[in-house]
Amino acid sequence: MYALLVGLPFIRLTGSSSATGIHRIATPHTIFYASNKFIWIGNSQGRVQGPILLYTPRSKDRFKIYPEGVFDPEQNTLHILQTGENIPLYDRISSKRPFLLATLWRDIQHFTQRLTPRHPLDWRAILSIVTFVFLLVALLSLMHLTRWLLFNSLLAFSLPFLSIAGISFLDAWGAIPYPEYLPAILQGGIGVFCFALQPLLRPSGKR
Amino acid sequence: MDRDTRNMVLATIGFLGIGALYGFLSAYFSLPVLRVGEYKSLWIFGTALETFITHFITLVAAGMILATSLWVEGESLKYSTAEALQQIRKLFFLSLAIACLYGILQEGVLPWATQMKQTAIRKTQIANELKDKAFASERAKEYSNARFYLEYYLTLFPKDDQVRPLLDRVREREREQQEKPSIEPPESPSILKLKELSFQDLQEKAKQYYQVQDFVSTEYFALMALKLKPNHPEMLRLLAASQNALSRIRLTPEQEARRSLFQAKQQGYEYLKQGDSISAYYHFQELAKQHPKDGEIAKYLQLAYEEVKKKAFFQDEISLVTGSPLASDVFFKNSHREGMEEFLYFSKIVATGPSSYYVLEIEGIGIDSTGKVAYQFKAPFGKFVDHTLLMHCLNRKDPKLSSKPTYIRGDPPAEPSTILPVKLSPQDLVSLARLIHSPQETPFATAVSLLEIFPLAGIEPMPAVHSLLMRFQGPFTCLNVSLLVLILGRLLKSKYYNRPPVITYLLIPFLPVLLTIPLSLYEYELSVFVSILIDKVGLGFLTAGAILLGTQGLILLSILFYGVQSFTREKP
């Protein structure tokens, strides 16, 4: 438990693009298609590329040629030095996350940020960690909720995501001011709900 | 089929049916009315099929896991190893059958559905363009063009009664316009070619006319004969004699007109001799209007027309087909000169027949070895003829309305600026553009064979290879996922003697959504793995495909091993 409490704030999920780190820039002297543009790079000397030819169909000034640009492998973008324009290259290969997965990923990212204490006695973060651990423990009780094991497993699998999505929604919404500890209370509430389900659904007698 | 299998198949069919219904409803409510116009049902059907096939694995997984956990008989898993193997074999073959079905749907039905959806959008675009062009042609008093567009439109939309009165009006005006005589360029192959007039023919004609003292004709045929044999003494003598006679006598108006006509014909012939067939064409066309019955003018016009077709084409060839592009946004490298990179962009490629391809909106740029722009041009139209692109587009009636490439920067290259050598055939360019912009429309085998064209066009093949590899692994993912859910369903089986509490059935509608999360994650990670193989490691299609196949095989073996072990966990 202690390890979990200490370790959770250090769990970090990167906010970078789906394609970070896995793509190299296109082969020099080859046209590639990204960000709705045809891009051709003459020579590649490390990160500095040039000349760069951009062709944007159906735009006013379709052909653009720049003497050089810099490829940023961290962001997977091509930075045009002359104009300061950044051209994202993520969609060169269509490995975008599906909508559901992308939403989930964003919510988990947001959640891990919430768990991070800003100072040693950040009660908001500590309460969030404690209630999250409580929720995880409560989920264990769900595994024996009914005699239908698939139902139990899926319920236990979905509730943490539901909680994380709820917290993310509350933070993103922001239309109604809510108490600072509401997300933690929400997590704890779901945990209590899990325990409360026991008398309702748990089969009586010998299993 | 035993009872267990029947339950599983029925549950799967049930979920697939719900999935199909969802596909249709979602397509119906997301219908882009303006983009699909009259082709609503085509678009809805195509989109619904696409959605259904895209979610096929999830739906199958949901159906199978539900059936095995709820309706498969047997209270607990108490199998011997042999029985467990038999159980796993049964589940494996069921999964294999579903994977085969998915393969057929993915490669047989999905390209068709995508095509259907795209066709609805493209046809609406065609219809809108046809109507716009018809109105524009009518405003420009080009009634025959307007009639064509409207007739074409009505073949696509026979029930559109609003257009019929318009067509009748255009036909009436066209009839009024045609009351004035107009000469179309002759294209009959029966007309003799000028080449067939030999020196002897011309000499004979000159002699005959001289004998009957028709000095105007004698002068003309002598001059023509001298073009072929410039120093022929008899023709020189006849020319001098006829010109001498003409200078002494006073020509009648009829003779004067004939002489002018012959001189005009000679001028046209000069154009032809100098290789200026376009000037010759317009010259003879003008003469043909004035002398419609002159067979000789028709011959020259025909010859000029044949020559023109080698270096240019006519606007009316292309104006009738601009609404039906085979491909859009084609960009490729067309380097054919040393030390120069040439790039070409075609907005649309259209065809009038199996070998007649035209291009709309051409842009080209040449970059020299220092990275500077050597030239840049634009041309509104082009026609493919034997690996060359003709960019001189002629207006049949008015030479001023013809179009040529405009050089925005730099000078035209050495060869004629209107004729551009193109490395790739139009068929290859069409396939390439489709594979880049809509890979799902291209059948798998065709797409694989097209990978060779990418280097020729200077385009990186990675996205196409990635898309093909993801398609390739689709049925294997289906096999692995369905087998895994069958095993998990058995392991997470309901232990109720009858049915679980009604409240638990609330889970069923959410089951596909919940299963989408791990499935999406699996497919996404596989996609990243493929990206690493082809983009980071730099493997080719075949090697990456083999590694992918091996990986899927390992996953399958792991699932089988896990299944056998789980089923024999509780031995009797």
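This is a predicted model: local features need pLDDT of at least 70, side-chain atom pairs count only at pLDDT 80 or more; totals for chains, interfaces and linings use all residues.
**Chain A as a whole**

Select chain A to begin. Its secondary structure consists of five helices and seven strands. Read from the N terminus, these elements follow the order α-β-β-β-β-β-β-β-α-α-α-α. Of the 207 residues in chain A, 47% are buried. Chain A has an accessible surface of about 10,700 Å², and carbon and sulfur atoms account for 65% of that surface. If contacts in chain A are taken between residues at least 6 apart in sequence, 48% of them join residues at least 24 apart.

Next, select residues 69-72 and 77-80 of chain A, which are strand 5 and strand 6. These strands pair in the antiparallel sense, with four bridges. Gly69(A) has Ile80(A) in strand 6 as its bridge partner. Four residues lie between the two strands of this hairpin, and Asn76(A) in the turn has a positive phi of about 55°.

**The interface**

Now display both chains. The contact between them draws on 42 residues from chain A and 56 residues from chain B. Together the chains bury about 4,600 Å², 70% of it on carbon and sulfur atoms. Between chain B and chain A there are 11 residue pairs in polar contact, counting pairs with both residues at pLDDT 80 or more. On the chain B side, elements giving two or more residues include helix 4 (56-70), strand 4 (356-368) and helix 18 (462-491). Helix 19 of chain B gives the most to this side, with 16 residues.

Select Thr516(B), which lies in helix 19 of chain B. Beyond residues up to four places away in sequence, Thr516(B) touches Leu100(A) and Thr58(B). A polar atom of the Thr516(B) side chain lies 2.6 Å from the backbone oxygen of Pro512(B).

Move to Arg62(A). There are two salt bridges between chain B and chain A. One of the salt bridges in the model joins Arg62(A) to Glu363(B), with the closest N and O atoms 3.0 Å apart.

**Strands 4 and 5 of chain B**

Select strand 4 of chain B. Because 10 of its 13 residues are buried, this strand is largely enclosed by the rest of the structure. Strand 4 and strand 5 of chain B pair in the antiparallel sense over nine bridges. Val359(B) stands opposite Gly382(B) in strand 5. The two strands form a hairpin with four residues between them, where Gly371(B) in the turn has a positive phi of about 90°.

**A buried leucine**

Centre the view on Leu424(B), in the loop between strand 9 (419-421) and helix 15 (426-437) of chain B. Leu424(B) counts as buried because its relative accessibility is 3%, under the 20% limit. Setting aside residues up to four places away in sequence, its contacts include Phe332(B), Phe384(B), His387(B) and Ile453(B).

**Salt bridges within chain B**

Over all chains, the structure holds 10 salt bridges. For one of them, select Glu138(B) and Arg169(B), whose side chains meet at 2.8 Å, N to O. The pair links distant parts of the chain, with Glu138(B) in helix 5 and Arg169(B) in helix 7, 31 residues apart. Glu138(B) counts as buried at 12% relative accessibility, whereas Arg169(B) counts as partly exposed at 38%.

Finally, select Asp294(B) and Lys265(B), which meet in a salt bridge at 3.1 Å, N to O. Asp294(B) lies in the loop between helix 12 and helix 13 of chain B and Lys265(B) in helix 11, so the pair ties together parts that are 29 residues apart in sequence. Asp294(B) is buried, with a relative accessible area of 18%. Lys265(B) is also buried, at 2%.

Technical notes:
Residues are numbered from 1 along each chain as its sequence is written. Chains are lettered from A and ligands numbered from 1 in the order in which they are written. Side-chain values use heavy atoms; hydrogens and water are left out. Buried means under 20% relative accessible area, exposed over 50%, partly exposed in between (1.4 Å probe, protein chains only). Contact means heavy atoms within 4.5 Å. Accessible areas come from the Shrake-Rupley method with a 1.4 Å probe; for residues, only the protein chains shown count as cover. Two strands pair if DSSP finds at least two bridges between them. Buried area is the accessible area (1.4 Å probe) that two parts lose on being put together, summed over both. A salt bridge is a side-chain nitrogen of Lys or Arg within 4 Å of a carboxyl oxygen of Asp or Glu. A polar contact is a pair of N or O atoms within 3.5 Å; within protein, one must be able to donate a hydrogen and the other to accept it, and residues adjacent in sequence count only if both atoms are side-chain atoms.
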